[in-house]
Each structure stands twice: as structure tokens, then as C-alpha cells.
Amino acid sequence: MKTLATLLFCLVAGHAMAEEGARSMVRAHLEPAGLVVVGQPVKLVVDVLVTTWFTSAPEFPIFDLPGALVIRSDEQAPHLTEQINGVTWFGLTQTYIVTPMEPHEFAIPRLQIVLHPGMAPGPVKVWSPARKFTARVPAGAEGVAVFLSTSRLDMVQRFDHKPIGLHVGDAFTRTITSTAKGTQAMFLPPIHFAEVEGLAVYPNAPKVENISRDREGFIGGRRIDSATYVVQKPGHYELPAVTVQWWDLRLGKLREHTVASVAFDAAPNPDSRPEIALPAEIDESALPRSRVEDMWRWAIGGVGALAGTIAIWLLWPKFRRYGNALASRRAEQRRRYEASEAVAFALLEAAVAHGDEVGTVQFLYEWLDRSRHGEPPARAEQAAILAQDDHYKEGTEALLARRFGSAQISTTNFSSESFARSLRWVRKQVISGGKATAERAPILAPLNPE
């Protein structure tokens, strides 16, 4: 009778723990919340929490928002441990960066997130709360040709060599580098290099790139514009200053950043000769010109200018659509690259090399999800079975025990060096679906040769 009572008590206690262990929650907030300006990045911070642990990485969706650029941040967020109403919760954070490109209200929909908590009978689907914010063009900045909003803008000018002691035929390159803190590089305005009488100007293709740092993620954007000048005539020259208007998010006002003008002199080149010289006896000013011919030239020039204006007016919508499509395509390429298996594995290797156990767990599951070696969600033990690598199996078990196990198990030693050595082999196995085993396994001679 006593044995039966003990068994019933254990069954009831186990059932209560299973129900308690299956508890989960999700929350979301915007940084900043409410009213922002066009081009100002807004962070959507989504927290998922459980009362036990995660057996696999949470599955966060990728979503689109018309009129805005949405990317998942590569910022490495720490794991969460919170006390809520006397209960200990453990969680992870996913951050989305939403950059509005148009002035209106944006509604971020509810996002479905799939969790894999320990002691749960299966995956758990949760929904993040919907959020809204409004983007506007602030007063005083309506007439700006290219609206740029950032907390800091830096512009640096340099030359491949100083424009000193130049002669006709010499060339030099002027480069202007623009850097905006917290702003995507694609939003930085292009630099226009004005024409200068006596100089030939040849603009070069710009270089646009985003700046990221380890553990901090996205920092800002950088744009590099340059042009090559060729001296055609001797004289005194001045490259005009370059001014960019931008909205200071910290001070809340429109500001200007100016790159200074540059003056220099160019001397004649005695070795420079025109390829074809005009006969000295011909004076063009003395040649007779028909008044009717002048009228015809003016008429043809006017018709050509009118036709060009009409063509630009008709084709402008197409150019604008092409520009928007190009920006969307670049954003999609960036998003695909960030979601690739190679990026996840590189982040995993970096976390292991730095001894970052929190990052190692996060990027391990993210890499397993992207490698698509089995049915989702990816599990560490599936890769261990497929790879048949003891170092990887022991390393993952020890790592997960240290991060999510009980106090008795968490003392298990975890060697990042041993784990790192096995990662590349495991990756090869996972990608090939286990077909690389034969390449690594040694070929043994038969035990009983005839």
C-alpha cells in the first residue's frame, strides 16, 4: 500500500512539473517608440522566455513592411534570466531593424514564433504583440533633395597626391568618404563633383558598405565617392566645396556638413602639343556668317532642348521605379547573405574561438537550422548522429549541460579547443548528408585474411 501511494505521488508530481515546465511567453517593444523621422532606424526587440530551457533555437520569422527596409540585426544579445512573480524565466532576444523610407504610419503585424522548450511535449507557437510607429519629415526639412537622418555624420576628403606643381595633362583623384552612425549605407546621398572650366572630370563608381563590429552588430553606413580630374589648360583652379544637409537625431534640427574647397595652379606643359593645329593664316572671327544660318542653329538647338526635357519628364517615373527596385534588390541580397549557412557557421566559429559559451549555443542552433540537414527544428543530437564524431557529441552535451542543465551537471568540463577542431568535419558531414564518412574513416585490413 505504501509503495502504491509513493508511485501515485511521483506520477502527480511529474505531471505538475511537465505542466509547469511548458510555460512560455513573448513580448515586444520599439526603440524608440512613437514618432520618428524618415530614415531613422527603429529597433523591434522581441523577447521569448520559458521556465525551463530551449532544446533548439527559437524560430523567428522574416517579414516585410511596405515602405520600410527590415533586416534582422546581427547584434549578439545576452541570454535573459528574470524573476517574474516568484518564477525564474530564461529567454533569448531577437532584434529587427526597421528603417522607414516614407512618411506615414507603419503597423508591424503579430509575428508567429516557434519555441522548443524543455519538458514540453512538442514545439510551442507563440505570437508577438503588434506594434505601430509613425515616420515623418520634420518641419524645415521638406525641401531637402535627399533627406538623411542620423545621429552623426562624418565626411573626409583626400587626394591620391596633393594638387601641387601640376602641368597641363596631369591627373589626380579626389575622394570623399561619408560615414553615418546608425544609418544604412544605401541611404547616404551621392556626392556630385561639379564641372570646372579647364578641367576634365571623370566620376568613378561609388563604394557603399555597412559597418559592423563583433558583438555590437551593425554600427553604421559608409559611402565612398571619387572623381579623377585631368588638367586641360594652364591657370588657377578651385574645386568647389561639397555640402550635404542632414537631420541631427540628437539635436532635432537640420544641419549641414561641408567639405572645404581646394585651390591650386596648373602650369603650361612645353611637351604638350595639340594633335591637329589650325592654319595660322585662318582667323575664325573674320569668317562671314549667315544670319539665316544662325537662326536655324538657334531653332534646332531649342527643339533639341525641348525634346530632351519632354523625354526626361516622360521617363522620370521609370527611372524612379528602377531606383526603388534596385534598392529593394540590394536589401534582398543582403538579407539572403545574412540568412546563409556560411554566415551562421562563421559566427559559430568566432564564438567558439573567443570562448563565448552563450554565443556558441545561439549560433550552433542557428547554423543547424540553416544547414537543413533534417526536418526542422534542428537538434544538436541529429548532427552528432549524422557526423559520427565523438568530440562534437561530447562537446555539445557538455556545453548544453553547462548552459541549461542542473547544478550537478553544469560542472561538466567543456573544451572549446576540442570542440573547435571537430566543427569543420561535422559541417562537411552535415552538408553532404553523411556521405563524407567514407572519406575520413580509415580502411582496415580484414581480420582473417585467407
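I310 is found in helix α2, which spans residues 291-338; helices here are DSSP runs of H or I with at least four residues, strands are runs of E with at least two, and both are numbered from the N terminus. The model is a predicted one, in which local features need pLDDT of at least 70 and side-chain atom pairs count only at pLDDT 80 or more, while totals for chains, interfaces and linings use all residues. Residues are numbered from 1 along each chain as its sequence is written, and side-chain values use heavy atoms, with hydrogens and water left out.

With a relative accessibility of 42%, I310 counts as partly exposed (buried means under 20% relative accessible area, exposed over 50%, and partly exposed in between, with a 1.4 Å probe and protein chains only).

## Aromatic pairs

The count comes to six aromatic pairs, where rings of Phe, Tyr and Trp (its six-membered ring) pair if their centres lie within 6.5 Å, and planes under 30 degrees apart count as stacked, over 60 as edge-to-face and the rest as tilted. One of them joins F106 and F133, whose ring centres are 5.2 Å apart with planes at 15 degrees, so this pair is stacked. Because F106 lies in strand β7 (residues 105-108) and F133 in strand β10 (residues 131-136), the pair ties together parts that are 27 residues apart in sequence. F106 and F133 are both buried.

The rings of F172 and F264, by contrast, have planes at 85 degrees and centres 5.4 Å apart, so they make an edge-to-face pair. This pair links distant parts of the chain, with F172 in strand β14 (residues 171-181) and F264 in strand β21 (residues 262-267), 92 residues apart.

Strand β10, which carries F133, is joined to β7 by four bridges in an antiparallel arrangement, two strands being paired if DSSP finds at least two bridges between them. Within this pairing, I108 has R131 of β10 as its bridge partner. Four bridges also join β10 to strand β2 (residues 34-37), and these two run parallel, with L35 standing opposite T134 in β10.

Strand β21, which holds F264, belongs to an open sheet of three strands in the order β13-β21-β18, with mixed pairing. The edge strands, β13 (166-167) and β18 (235-239), each pair on one side only. Five bridges join β18 to β21, and the two run antiparallel; H236 stands opposite D265 in β21.
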